[in-house]
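Open the structure in your viewer and keep the selection panel at hand.

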Amino acid sequence: MALPTDSAALRDRLVPPNSTAGTGDAAASTPSGGLPRVLGIAHLAVSLGIVLATDKCLSQAFAAASIKFPSALFGMFCIISVLVVLDAVAPALAKGFMDFFEPAALFIQKWLPLLYVPPIVVLPLAVRDIPALSGLKICLVAFAGWFASLTVAGYTALTVRKIVKTELIAAEPMGRLSPFATLQFWAWGAVFVASFATAFVSPTVLGTTARTCLPFMLASTVLGYMAGSGLPSGIKTVLHPIICCALSANLSAVAYGYFSGSGMDAALGDYLTKVPSNPGAGDVLMGFLGSVILSFAFPMFKQRKLVKRHAAEIFTSIAVASTFSLYSTAILGRLIGLEPTLTISILPRCITVALALSIVSFFEGANTSVTAAVVVLTGLIGANFVQAAMDKLGLNDPIARGIGAASSAHGLGTAALSAKEPEALPFCAIAYALTGIFGSLICSFAAVRQSLVFIAS
C-alpha cells in the first residue's frame with residue numbers, strides 16, 4: 001500500500017514529536033556547568049579513543065595477516081554481534097554499551113563529511129593527466145548511473161513492499177546534531193593564523209614541511225566545513241559544506257605556496273602524503289575513516305526492530321541495487337570508451353567514501369582521488385534532484401524513497417531527503433550503511449572483481 005510522503009499524520013506516527021533522545025552531541029547534551037561539561041568531554045574522549053584504537057589494532061592485525069577484507073567492516077560486524085548477544089542475555093548491558101559509545105558515534109556523524117575531503121583537496125594533482133573528454137565521460141556515468149541506481153533501488157523496494165505488505169511501525173528516534181559554537185570558529189581561526197605564520201617563518205620547524213603545514217591546513221579544512229554547514233539550505237544545495245571544505249583548503253595551499261615560494265603543488269603534496277611517518281592534514285582526517293565504518297554498528301543495532309520487520313524490502317533492494325550499481329558502471333564505462341583504470345576507479349560511485357576507498361583498494365591502478373570526487377559528485381547530484389526524480393517515478397512509499405535515496409546517493413542523498421521527509425530517515429540510514437557493506441562484501445570475492453575488470457576492459 002503506497003503511503004503519501006507529505007502526510008503530517010504519517011510523520012507524527014513514524015517520528016514521535018515529543019522524542020528528545022539523542023538530540024545533540026556530548027557537549028550539547030550535558031548540563032551547563034563546569035564539572036558536567038568536563039565529564040562530558042572526558043566521556044567523549046574515552047569513547048572516541050576506544051573506537052580509534054580498535055580500528056588501528058584491527059588494521060594492523062589484518063595487514064600483518066595479509067587479509068584484504070576491510071578490517072573495520074569486520075570490526076563493525078563484531079560490535080553488532082556483541083550488542084545482539086548482550087541484548088539477548090542482559091539488555092541493560094547492551095543499553096549501557098550503546099550509551100557509553102553514543103558520544104563517539106554522534107561526534108563521528110557530526111564531522112563525517114569532513115572526512116571525505118582530503119582526496120578532493122588533492123584532486124588538482126590527481127586529474128592533471130586525465131583528458132578533458134574522459135572527465136566529461138565520468139560526469140556522464142555519474143549522472144546516468146545515479147538515476148539508474150535510484151530507479152532500480154526504488155522500484156525493487158516498491159515491488160517487494162507490494163508482495164509482503166508489511167505495515168510501517170514507528171522507528172527509534174534518530175539523533176540530532178548540535179550546531180557549531182562561535183568559540184569553535186575562534187579557536188580554529190587562532191590555530192590557523194598562528195600555525196600559518198609559523199610555517200611561513202620556519203617551514204621545517206616540526207621536522208618536515210608536511211608536519212609544519214599540518215596545523216594550518218587542518219584548521220582551514222575544518223573552518224571551511226563549519227562555515228559551509230552554517231550556510232542557508234538553499235545555498236548548500238549548490239555550495240555543499242564538502243565543497244566549502246575543499247575550496248578553503250585549496251585556497252590555503254595557494255596562499256602558502258605563493259608566500260613561501262614553494263608553489264601550490266608542493267603544499268597539496270604535503271596535505272596528503274600517504275606516509276605514516278610524515279603525515280599531512282589529509283592523512284589525519286583519513287585516519288578516521290575506519291572509525292566511521294565501526295560507528296555504523298550503533299545506528300544499525302538501534303534500528304534492529306525496523307530492520308527485522310522490513311528485512312525483505314531492505315535486504316532485497318540493497319542487494320539488487322548494489323550489484324546493479326557496480327556492474328552498470330563497468331558496462332556504461334565500456335560502452336562510452338572510458339579508460340579501464342578510470343572505470344574501475346568510479347565503480348563504487350554510490351557508496352560512502354569510507355567504504356568506496358576500501359573497495360577500489362582491491363583493484364590495481366585505481367585513482368582514489370577520482371573515486372572520492374565521483375562519490376561526492378554522485379551525492380551532490382542526488383542531494384539536488386532525488387526528491388523531484390522520485391516524485392516523477394511515482395516512488396511515494398517512505399521505505400522505497402529512503403532506500404532509493406541512500407543506495408543511489410549515499411550520505412548526501414540521505415541528508416537531503418531526510419531534512420524534508422523525516423519518516424524516510426531510518427530507512428535512509430539503514431540503506432546508507434548496508435549499501436557500502438554489501439558492496440564491500442561482494443567485491444571481496446576474486447570472481448566478482450575479475451568479472452568487473454573484464455567488463456571494464
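The model is predicted, so local features need pLDDT of at least 70 and side-chain atom pairs count only at pLDDT 80 or more, while totals for chains, interfaces and linings use all residues. Residues are numbered from 1 along each chain as its sequence is written, and side-chain values use heavy atoms, with hydrogens and water left out.

Switch to a surface. The protein chain exposes about 19,600 Å², of which carbon and sulfur atoms supply 70% (Shrake-Rupley method, 1.4 Å probe).

Now show the cartoon. The protein chain has 24 helices and zero strands; these are DSSP runs, H or I of at least four residues for helices and E of at least two for strands, numbered from the N terminus. The C-alpha trace spans about 70 × 60 × 50 Å along its principal axes.

Next, select Ser 59, Asp 283, Met 286, Gly 287 and Leu 289. These lie nearest the centre of the second largest pocket, which is lined by 39 residues. A pocket is an open set of points on a 1 Å grid over the protein atoms alone, with protein on both sides within 12 Å along at least five of seven lines; lining residues have an atom within 4 Å of a point. The volume of this second largest pocket is about 1,300 Å³, taken as the space filled by probe spheres set on the points, which are joined across faces, edges and corners.

Which helix gives the most to this lining? Select α3, which supplies seven residues. Elements giving two or more residues include α3 (34–64), α14 (281–286), α15 (289–295) and α21 (368–393).

Last, select α18 (residues 311–335), which brings four residues, the largest share, to the lining of the largest cavity. A cavity is a set of grid points where a 1.4 Å probe fits but cannot get out. The whole structure has one of 30 Å³ or more. About 30 Å³ of space lies in the largest cavity. Its lining includes Ala 321, Ser 322, Cys 350, Ser 407 and Thr 435.
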